[in-house]
Structure formats: structure tokens, C-alpha cells
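Colleague: Could you take me closely through the charged and aromatic side-chain contacts of this model, with the geometry and the burial of the residues involved?

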Amino acid sequence: MNRGTRARTAGSPEALGLWRLCAVASICGVVIGFVGGAFRWCLRQADELRLELLQWAHAAPAPALLIPIAITASGAGLAALIVKWTPLAAGSGIQHVEAVARGEAQSPPLRVIPAKFFGGLLSIGSGLVLGREGPTVHMGAAVGAEAGRRARLNSADSVSMQSSVAGAGLAVAFNAPIGGAVFVFEEVTKSFRMRTVLPTLIAVAVGTGCSRIINGDRPDFFVGGVDTPSIALLPYFVVFGLTAGILGVLYNKMILGSLEVAESFDDVPPTVRAVLIGAVVGALMTMDQAYAGGGDALVQSLIGGGNPAVAILVGFLAIRLITGPLSYASATPGGLFAPLLALGALWGALIAGITDAVVPELYTPSLPAMIVVGMAALFGAVVRAPITGIVIVMEMTAVTSVAVPMIAATAAAVLVAQLAGSPPIYDSLRHRMLGDG
């Protein structure tokens, strides 16, 4: 190609359009980076205040325990009122982002941003078992949609911008830039078009960088060194992945079932339903703070807290298997990823504990290795985005030494879910949102 041809190519409408997309993506990255970073910071403060309140309530006379219950119920109720003002703010929002990418729904309006921000603070911050990533992904999509309108992008580029900035929202939520980008390609658009790839990478990089100004640049979990498991243990991880796949199928059914049960009480106003659910979760929270919230503190305690008793792990797993779907049924702003990762960590710790108790002479992987692999495997089974799950967990833990077992276990978990005919959770939620399933 001669110099003149290169110049014409560089100045072609397609090339100029790509430059424009990248410029808009960088601006959007700044916005979602600071908005999503502020959201994370506020949630962290809310978690600390909730823990202090619980400690005070347990030290005070018995009636004081009603206060954290009332706060969780009130937070859920107020979040439901925000959803009444902006119905699109209900639940995760990822299913709506995917519907827009497929041309099945309209772009989110700008009011989704304050609705998700403050509604998420009320619901997640008060103790409901919901994830921060749903609101940040949806806020990112709303930022991208507004930028597309103001920049007068065509419809295809506008949708691409929404998907790109939604990925930046996920990256900000988990401090996982590569995972946020892969999420867009594997889960949202299911493609690698250059007009999506470049804006996504730029939005993710800028957004994560801005968020780190507020929240720091350390991984979400402090794991320490994890030895690479012996290749002889690969069959063990495959079997473990199969069990994670079964749990994933069950969890999908529980989420959808909880929504159906909640909707069957159509004579009860949604705000009242949310208050009742908040009261139940709040009551469980007074027994152990690990029963509530997104689950980050629980994961960190599992990774760094030695070997919990099997009975304790069973209790945590059983309670959070209930409180997660129950919290999502409140239809308040909040996602599924963070609680899902906590469940995967519990499952990995539980299987490790059972193995050690039943066959103590068997050489098994370390507890941190099982926890890290469990998070990725269960994520893959439920969301059916295995590469996204693997990359997100690696970035959140800064652990790469278990990459091969993680891939094997996640593949096995996804295979079980596929053979069981369990659809990916966001496909099911999207069909419910559109009213065709």
C-alpha cells in the first residue's frame, strides 16, 4: 500500500468513525469510573457501618437487635420505592443490557443512573444478598446510551457504545479490567467486531483507572501464594467441577422459582414484599453477619481463615442459597455475580473439608486453591460465560497458579449445566423481562 492509499484509508469515514467511537468511549470511561468507583466506596462504608451496628446491637439489651432488622427492611422498602419511580432499575440490569445489544429493548434512560446508584446503596448497603456489579453494569450502559445520543452516533454504534461502557461498569465493580472486556465479547455481544473491541478496551482501561483513584489498585481479595496443584489432581478438579455444575443448575432454578413465588403474591404491593424480604434477611443477619451482604468479607475470611468446620460451611451455604434468591425476588437494584462468587467459594471450601474428613490420607489441593476454583466453576455453570468467570476470578484474587485446574473444573461445570438443559441465568431473566418466558 503506497503513502497516498494509507492516507486515504486513515482519513476514510470508517476510520474517522472509529476514532470518534474511541474518543466517546474514553469520556464514558471517566464517567463510569468515578460514578462506579464512588458507588463501591459508599457500599464499603455501608458494610462497615452495618457491622458496627450489629456489634453494638449484640452488646446492647435484646430489643436492640430489632434495629438492624428494621434498617434492612427499610432499606429494601425504600429501594423498592425507587424502582416504582424507575421500573427498569429493578434487579441486575445485565439482562436489559443484553436485550438492547440484541435489538430486543430500548436503551436505558439517564434516570437509571441515580435510580441504580441510590437504590443499590439502600438494598445492598442495608444487607440484602445482592451484588454491586449489576448496578454498575447498568449505569455504564446508561452512560453509554446518553453519550451515543449526545454524540449523534448511529444506532449500531450507539448500541456498541452501551455494551462497551457496560463492560467498563463490570470492570469497575470487581477491579477486573480484562474480565470486564471479556464479559462484553463473550456474554453481551458474543462477537469480536473491531468497532466494539476498541471502544470496550478504552472504556475499560479508563474506567478502571479512574475507579482506582478512589478505591486503590489492589486485588479485591488478598490470597497470598498458592502452590500449583499437581497435574495428578486434575481428575479431582474435574469431578469437583461436575458437582459445581449440579449446584449451578439448582441455583438457577432457585432464582427463577423465587421470582415466580414473589409474583404469585400479586395482591401484595411490591414495596411491602420488599420490606418483608428485608426483614427476613435482617433477622438472619443478626445471627451472623456473613448471612447477609454481597459476600466479599465471607470470601476473604474463607481464604485467610484456616479450615472452617464442615458443619459451619454447610450452614453458611444453606442460608446463602436461600437469602440470595430471596433477596433477588425483592426486585430491588442489585446483581447476582458477587453472591454467586461467595457461593462458589463456600462450595470449594466445603468439598475440600468433606474430602479431608472422609479420606484424610488422600493428597488434596490447598483450601485457597479450592476456593478460587470453586468461584470460577460455579460462575461458569450459572452464567454460562466460562472465560469471563475464569478471568474475573484471576483478577480479583491475583492467582494464576491454578489456571489449569480452574479451566478443567469450569469446563466440567458448564458441561453439566448444558446437558441438564439449564439455560444461562441471564437468558432466562431476559425472557422474563420481555414477557416471552
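Predicted model: local features only at pLDDT ≥ 70, side-chain atom pairs only at ≥ 80, totals over all residues.

Modeller: A salt bridge here is a side-chain nitrogen of Lys or Arg within 4 Å of a carboxyl oxygen of Asp or Glu.

I would begin with Arg132, which forms a salt bridge with Asp296, their closest N and O atoms being 2.9 Å apart. This pair links distant parts of the chain, since Arg132 sits in the loop between helix H5 (112-126) and helix H6 (133-150), while Asp296 belongs to helix H12 (residues 296-304), 164 residues apart. Arg132 counts as buried at 10% relative accessibility, whereas Asp296, with a relative accessible area of 24%, is partly exposed.

A further salt bridge joins the side chains of Arg432 and Glu263, at 2.8 Å from N to O. Arg432 lies in helix H18 (residues 425-434) and Glu263 in helix H10 (residues 234-264), so this pair ties together parts that are 169 residues apart in sequence. Glu263 counts as partly exposed, at 47% relative accessibility.

Within helix H18, Arg430 and Asp427 are three residues apart and therefore separated by about one helical turn; they too form a salt bridge, with the closest N and O atoms 3.0 Å apart. Arg430 counts as buried, its relative accessibility being 6%. Elsewhere, salt bridges that share partners join Arg40, Arg132, Asp220 and Asp296 into one network.

Turning to the rings, the structure holds eight aromatic pairs. One of them is formed by Tyr291 and Phe316, an edge-to-face arrangement with 5.5 Å centre to centre and 70° between the planes. It links distant parts of the chain, with Tyr291 in the loop between helix H11 (270-287) and H12 and Phe316 in helix H13 (residues 310-328), 25 residues apart. Tyr291 counts as buried at 16% relative accessibility, and Phe316 counts as buried at 12%.

Phe337 and Tyr426 form another edge-to-face pair, for which the values are 5.8 Å centre to centre and 70° between the planes. Here the distant parts being linked are helix H14 (residues 337-358), which holds Phe337, and helix H18, which holds Tyr426, the two residues being 89 apart. Phe337 and Tyr426 are both buried, and together with Phe183 and Phe379 they form one aromatic cluster.

Methods:
Residues numbered from 1 in each chain as written. Heavy atoms only, no water. Helix = DSSP H or I, 4+ residues; strand = E, 2+ residues; numbered from the N terminus. Buried < 20%, exposed > 50% of the residue type's maximum accessible area, 1.4 Å probe, protein only. Phe/Tyr/Trp six-rings, centres within 6.5 Å; stacked < 30°, edge-to-face > 60°.
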